[in-house]
Structure formats: C-alpha cells, structure tokens
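Let's take a walk through this structure together. Have the sequence and the 3D view open side by side as you read.

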Amino acid sequence: MINSNQNGHCKGENMTHLVKELRNSTGMTQKSFSDMYGIPLSTLRKWEQGETSPAPYVINFLTKLIPEYNGSLKKMQDSNGHVYYYNEIKRTVLDAKGNEIIIQEDLGEIKEQNLILYLEELFDSFYGIQDKFNRDCRFDKEDDIIWTRFISSSL
C-alpha cells in the first residue's frame, strides 16, 4: 500500500517502488501502462529501475486514476480474480486497468453475485469491441480502402 505524509503526498524514498506497485496493480505491461497514462516508456522504465524518480504529484495523480488505490470506489472481485469497481457518484464501472464505462442503472440494490456476472459480461463485450476497433484501425493503416455503411431500404 502507498505510504503518504499528513498532506497526502508520497514520501520521496518510496517513489521508485510505488510506480511499479501501481503498474502491477493494473496487471498491465510497461508499454500498456505508459500508453494508457501518457508516460513515455523510457521514463517509466527509469522510474521503475530507480534511475530517476517521479515528482510526488505524479504518484498522487496516478493513485487517483488507478481504481485499486481510489478509496471512493466499491470493489468487487469474481472467482477468477477479475476486479471491478463501482463509482456510485459518477455512475460508472471500472476494471483494474482503469477502463471506465458509464452506466444508467443504479447498482445499489443489485445482488452482488449477479452484479459481478453482469460486469464480467459487460467488460468481456467491451474488450471484444475494443479489439475489433484496434484490428480495423491496423487494417486501415495497411490497406488503401474506404468503407461505406450499407443501408437497406425496405419498400
């Protein structure tokens, strides 16, 4: 867990370990983490190897972004170890990586066992759509093609 002083700022001697701890809590690779949070990969590597240290505000900012460290979220975990979070105020659900999906329903009275199944299905669908989007974008970069939407007319 992250150590901080009375003002909520992280202590300097812990910075190097905290970055790696934060990244590990997401289950992301260095590349994925650097892409997700806009940190140059070389900078992240230097932080994790102790060559340089991030400014305290960077650590504090990351702790607010990474669900595992955001104390205002309700944490739920399924039997496979997948972790999900519910932000009641924003009406959003998040996965451990910080992917956030807006929901319309109040989840307060949903049975937690069922909710975990619903969240697993929601995020599985999200990852599938995300993968398709990424494949389409890669395909578009490789081939000279213009897509059009086919609209059928029913007369």
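The paragraphs below go from the helices to the sheet and end with the aromatic rings. Please keep in mind that this is a predicted model.

Let's begin with helix H2, which spans residues 30–37. Its buried residues are Gln30, Phe33, Ser34 and Tyr37. Around the axis they cover an arc of only 95 degrees, so they sit on the same side of H2.

Is Thr63 buried or exposed? Its relative accessibility is 12%, and because buried means under 20%, Thr63 counts as buried. Its side chain also reaches the backbone oxygen of Asn60, at 2.7 Å.

Now turn to the sheet. It is open and has four strands in the order S1-S2-S3-S4, paired in the antiparallel sense. S1 and S4 (100–102) are the edge strands, each pairing on one side only. On average, neighbouring strands of this sheet are turned by 25 degrees against each other, direction ignored.

We can follow the pairings one by one. S1 (residues 74–77) and S2 are antiparallel over four bridges, and Gln77 has Val83 in S2 as its bridge partner. The two strands form a hairpin with five residues between them, and in the turn Gly81 has a positive phi of about 90 degrees. S2 is in turn joined to S3 (residues 92–95) by four bridges, again antiparallel, with Tyr85 standing opposite Leu94. This second hairpin has four residues between its strands, and Arg91 takes a positive phi near 55 degrees there. Finally, S3 and S4 pair antiparallel over three bridges, and Thr92 stands opposite Ile102 in S4.

How many residues of S2 (residues 83–87) are buried? Five of its five residues are, and the strand is mostly covered. In a regular strand, side chains alternate between the two faces of the sheet. In S2 both faces are covered: Val83, Tyr85 and Asn87 are buried on one side, and Tyr84 and Tyr86 on the other.

That brings us to the aromatic rings, of which the structure holds five pairs. Phe33 and Tyr37 have ring centres 4.8 Å apart and planes at 50 degrees, so this pair is tilted. Both residues lie in H2, four residues apart, about one turn of the helix, and both are buried. Phe123 and Phe126 make an edge-to-face pair, with 6.2 Å from centre to centre and 75 degrees between the planes. They are three residues apart in helix H5 (residues 112–142), and so about one helical turn separates them. Phe123 is buried, with a relative accessible area of 0%, while Phe126 counts as partly exposed at 25% relative accessibility.

Phe123 and Phe126 also belong to one aromatic cluster with Tyr84 and Tyr127. To finish, look at the ring of Tyr127: Lys97 lies over its face, at 5.9 Å from the ring centre.

Terms used:
Residues numbered from 1 in each chain as written. Predicted model: local features only at pLDDT ≥ 70, side-chain atom pairs only at ≥ 80, totals over all residues. Heavy atoms only, no water. Buried < 20%, exposed > 50% of the residue type's maximum accessible area, 1.4 Å probe, protein only. Pairing = 2+ DSSP bridges. Axes fitted to C-alpha atoms, helices over the stretch in contact; angles between N-to-C directions. Arc of directions from axis to C-beta. Polar contact = N/O pair within 3.5 Å; in protein donor to acceptor, adjacent residues only side chain to side chain. Phe/Tyr/Trp six-rings, centres within 6.5 Å; stacked < 30°, edge-to-face > 60°. Lys NZ or Arg CZ within 6 Å of the ring centre and 35° of its normal.
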